[in-house]
Amino acid sequence: MKDEDSRYEAVRSRDARFDGAFFFAVETTGIYCRPSCPAVTPKRHNVRFFATAAAAQGSGFRACRRCRPDAVPGSAEWNVRADVVGRAMRLIADGVVDREGVAGLAARLGYSARQVQRQLTGELGAGPVALARAQRAHAARVLLQTTGLPVTEIAFAAGFASVRQFNDTVRAVYATTPSELRASAPRRGRERTATPSAGIPLRLAHRGPYPAGPVFDLLEREAVPGVEDVSGTPGTRTYRRTLRLPHGTGIAAVGERPHTGRGAHPGGWLDARVHLTDPRDLTTAVQRLRRLFDLDADPYAVDGRLGADTRLAPLVAARPGLRSPGAADPDELAVRALTGRDEAARLVQRYGKRLDAPCGPLTHLFPEAAVLAGAEPGGTLGALTAALADGTVRLGPGADRDEAEAALAAVPGLDARTIAEIRTRALGDPDVAPPGPGVPESWRPWRSYALNHLRAAGELE
């Protein structure tokens, strides 16, 4: 979907498969939209296309109030790509620019700030500051329309440096004031408005079908007491977990039942609610949940490739849109991949930090790598946690996957199968095969998804 004629056809057919993959703007109205916008299709010569919402905003277009293009799933391209642009986009989504600036982003990528600016602007039409600004605007809208926080608090919670900057950005992006934006929330949205103590209600958007059952089955099997909890019966379960975040802690709850939109290629969302000790962590918390539930995947691309394989075709037909879950905390996932659930539970009870305000069965944060390295320095666990603590192994959203795998292979006692699981889950790699033969090259670049289909069908442990 790179050439503009193909993109215009997607707009004409209101194809939700491409929501988030690109945006279009209408020069006669000054508005930019998602491809599935239900408004009257503009004439081709009035349409411009952009890779990101930030690029559209930077060209002077404001967000459509009807299709809310800021609420689309993220582009699946950033999960697949392992180059600097893909890594940068994952870091920006995690809030690194807001916390550390462009210099911090560049340092994590191993490039100069000028190089990062040039590559992002050249390919996406927007630099890291503009991309982070668009993300802050979306966070501000969510807080304005779903919480009872004062407007001034929302400005800083969304990551803005000043109230003036916040007001100017909201006006530029939404063509309205923050107070007017809050008042424009749908009646049902206002009824769901939350105070900080009640948490922030969210809709975690996804594209295409989302078979939530297998994801919740996995989370329920793996749930570590104290840190995670799954309640309810299949089809109506709720997954809860604690989160260690840059400015504080959080508790997140996500419902199993997906809500589906309409149309030939509907998307939908999962209902969630997050409780944060510091609202500045909203963007980071949301992105970590999105990675855990693999909500930015492109199920049409995955199913199209795997469904052409004779062995996988009936499995894909049985579970269209099957996801490849990631991790809310990459370092935690690495430790759990090594130790297993029962040993991880012991580590939590012995070394995990207890929450100031426990919430039912959620009582602890998973222990940090540095704490585990100091408490139990021996064996493979000690070697792994020491490598995570000192940065020898980096598993964050901007990590180079090949470099991380090489560093993991150097950890004494860490076997190839555990490394493959870490690469799949902690690093979010969609194309990981287990050691040994039996995985066709034709399944590339979606081998992680292919293996999930085999597991779901009982053909693989």
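Two strands count as paired if DSSP finds at least two bridges between them. Strands here are DSSP runs of E with at least two residues, helices are runs of H or I with at least four residues, and both are numbered from the N terminus. With that in hand, here is the structure.

What you see is a predicted model, in which local features need pLDDT of at least 70, side-chain atom pairs count only at pLDDT 80 or more, and totals for chains, interfaces and linings use all residues. Residues are numbered from 1 along each chain as its sequence is written, and side-chain values use heavy atoms, with hydrogens and water left out.

I start with a sheet. Four strands form an open sheet in the order S3-S1-S2-S4, and the pairing is mixed. Strand S3 (47-50) and strand S4 (62-63) are the edge strands; each has a single partner strand, so one side of each has no neighbour in the sheet.

Now the pairs. S1 and S2 are antiparallel, with three bridges, and Ala25 has Tyr32 in S2 as its bridge partner. These two strands make a hairpin with four residues between them, and Gly30 in the turn has a positive phi of about 75°. The parallel pair is strand S2 (residues 31-33) with S4, joined by two bridges, where Ile31 has Arg62 as its partner.

Which way do the residues of S1 point? Phe23 and Ala25 point one way, Phe24 and Val26 point the other way, and all are buried. Buried means under 20% relative accessible area, exposed is over 50%, and partly exposed is in between, using a 1.4 Å probe and protein chains only.

Helix H1 (residues 4-12) lies across strand S1 (23-26) and S3, and runs at about 105° to S3. For that angle, axes are lines fitted to C-alpha atoms, for helices over the stretch in contact, and angles run from 0 to 180 degrees between N-to-C directions. Contact means heavy atoms within 4.5 Å.

Ala155 lies in helix H8 (residues 151-157). Is Ala155 buried or exposed? With a relative accessibility of 0%, Ala155 counts as buried. Leaving out residues up to four places away in sequence, Ala155 touches Phe160, Val163 and Phe166. Pro178 is 23 residues from Ala155 in sequence, and the two are 9.5 Å apart in space, C-alpha to C-alpha.

Another strand, S5 (residues 200-206), is mostly covered, with six of its seven residues buried. S5 runs antiparallel to strand S10 (residues 268-276), and seven bridges join them. Ile200 stands opposite Val274 in S10.

On a 1 Å grid over the protein atoms alone, a cavity is a set of points where a 1.4 Å probe fits but cannot get out; a pocket is an open set with protein on both sides within 12 Å along at least five of seven lines; lining residues have an atom within 4 Å of a point. Grid points are joined across faces, edges and corners, and a volume is the space filled by probe spheres set on the points.

How many cavities of 30 Å³ or more are there? The structure holds two. The largest cavity has about 80 Å³ of space. It is lined by 14 residues, and Glu228, Arg241, Leu292, Arg336 and Arg425 are the closest to its centre. By class, this lining has six nonpolar, one polar and seven charged residues. Nonpolar here covers Ala, Val, Leu, Ile, Met, Phe, Trp, Tyr, Cys and Pro; charged covers Asp, Glu, Lys and Arg; the others, Gly among them, are polar. H16 gives the largest share of the lining, three residues.

The second largest cavity has about 40 Å³ of space. Among the residues that line it are Arg241, Asp329 and Phe366. S7 supplies the largest share of that lining, four residues.

Last, the second largest pocket, with a volume of about 980 Å³. Its lining has 39 residues, and Arg108, Asp331, Leu395, Gly396 and Pro397 lie nearest its centre. Elements that give two or more residues to this lining include helix H4 (84-93), helix H5 (96-109) and H16. By class, the lining has 20 nonpolar, five polar and 14 charged residues.
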